[in-house]
Amino acid sequence: METRLRLYYAPGTRARRVRWLLEELEQPYELRTLQLRSGDHRTSTYRSVHPFGKVPALEIDGEVMTESLAICFYLADRFWEKDLAPVHEEYSRRAVYLTWMCRSVGTLEPALDEEARHAEARLNGNRLPPFSPALTPWDTVAAEFERVLSSRRFLMGEGFTASDVMNGSIMLAAREKNLVEGFPAINAWLDRLTGRAAFKRAAPSVAEPPSAP
Ligand SMILES: N[C@@H](CCC(=O)N[C@@H](CS)C(=O)NCC(=O)O)C(=O)O
C-alpha cells in the first residue's frame, strides 16, 4: 500500500527542504500550507500536530514527525531505492553522509544565523557579544564548503544526496543574504541545485509569497 504523506508547510521556511526532498524522491504528498503571518501555526489545532507550532511537520500514515533534519533522514532511508542516502551497510560512505547531514543544522545553520544577526547589528551601529566558542564562525564554515566543492559536483562526490538538500537549502538562504560572494564553487553548486527539476517543482510559485518566519 502506498505511504500517505502530508506535509505542513509554509513558503520561505525550513519546510521547503522537506518539500524539495519529497520531490526528489518522487513521492506523492498532500501539501497543507500554513500562513505564518496570519498565525495559522499558533492555533491549538496545529499545536496538536507540532508541539512548538513550527513548520515543517510531516504526517506519515497518520504518525507525525517533526524536525526537518530527522524528516529528511527518514525519507531518504525509507525511499532508499531512489539512492539519495547510502544504506547502513555502506559503513564508510554512511559515516561521511551522517557528517554532512548533521553539519547542516549543527554547524552551518547556527553559523549563518549568528553571522546574519551580527551583520544586522553592525548595520544598526550596534555590537553584539562575541560568538560562543561552541560556534564555528561563518567564514570558516563557508571556506570548508568551498574547499570540498572545488573538486566535486555534490557534497558526497558525483552523486546528489539528501545532504545536498539539507545543506543546499541553508546555503541558499546565505546567498539571499549576500554571504556567499567570493565563493565560486559554492555558487556553482547552488546553481546546479536550483537547476534541478525537483527543486523547481518545490519552489514557491509567484502566487505564494514567503511568509514571515
Ligand atoms: N528545528 C526545527 C525548526 C523549525 C522552525 O523554526 N521553523 C520556523 C520556520 S523556518 C517556524 O515554524 N516558525 C514559526 C514561528 O515563528 O513560530 C526544524 O528544523 O524543523
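**Exercise 1. Contacts of L21**

Task: In this predicted model, find which residues L21 is in contact with, leaving aside its neighbours within four places in sequence.

Solution: Start from the cut-off, under which two residues are in contact if their C-beta atoms, placed from the backbone, lie within 7 Å. Once the neighbours within four places in sequence are set aside, L21 is in contact with C72, L75 and A76, and also with A162 and V165. Next, turn to the largest nonpolar core, which has 47 residues, and in which L21, C72, A162 and I186 touch the most other members. Among the elements that build this core, α6 gives the most, with six residues. Finally, consider the domains: the core draws at least three residues from each of domain 1 (5-84) and domain 2 (91-196). As background, nonpolar side chains in soluble globular proteins tend to be buried together.

**Exercise 2. The contact between the domains**

Task: Describe how far apart the C-alpha centres of domain 1 and domain 2 lie, and which helices supply residues to the side of domain 1 that touches domain 2.

Solution: The domain assignment of the protein chain gives domain 1 (5-84) and domain 2 (91-196), and their C-alpha centres lie 22 Å apart. The contact takes 10 residues from domain 1 and eight residues from domain 2. On the side of domain 1 that touches domain 2, α1 (15-24) and α3 (68-78) each supply at least two residues, and α1 gives the most, with five residues. By residue class, this side of domain 1 divides into seven nonpolar, no polar and three charged residues.

**Exercise 3. The shell around the ligand**

Task: State how many residues surround the ligand and which are the closest.

Solution: The ligand is surrounded by 11 residues, of which the closest are T13, R14, K54, V55 and S68. Sorted by class, the residues of this shell divide into four nonpolar, four polar and three charged.

Note on methods. Residues are numbered from 1 along each chain as its sequence is written. This is a predicted model: local features need pLDDT of at least 70, side-chain atom pairs count only at pLDDT 80 or more; totals for chains, interfaces and linings use all residues. A nonpolar core is a set of buried Ala, Val, Leu, Ile, Met, Phe, Trp, Tyr and Cys residues joined through C-beta atoms within 7 Å. A residue is buried if 20 or more other C-beta atoms lie within 10 Å of its own, exposed if 12 or fewer, and partly exposed in between; C-beta atoms are placed from the backbone. Helices (H or I, at least four residues) and strands (E, at least two) are DSSP runs, numbered from the N terminus. Domain bounds come from an automatic or database domain assignment. Ala, Val, Leu, Ile, Met, Phe, Trp, Tyr, Cys and Pro count as nonpolar, Asp, Glu, Lys and Arg as charged, and the others, Gly among them, as polar. A residue is near a molecule or strand if its C-beta atom, placed from the backbone, lies within 6 Å of it.
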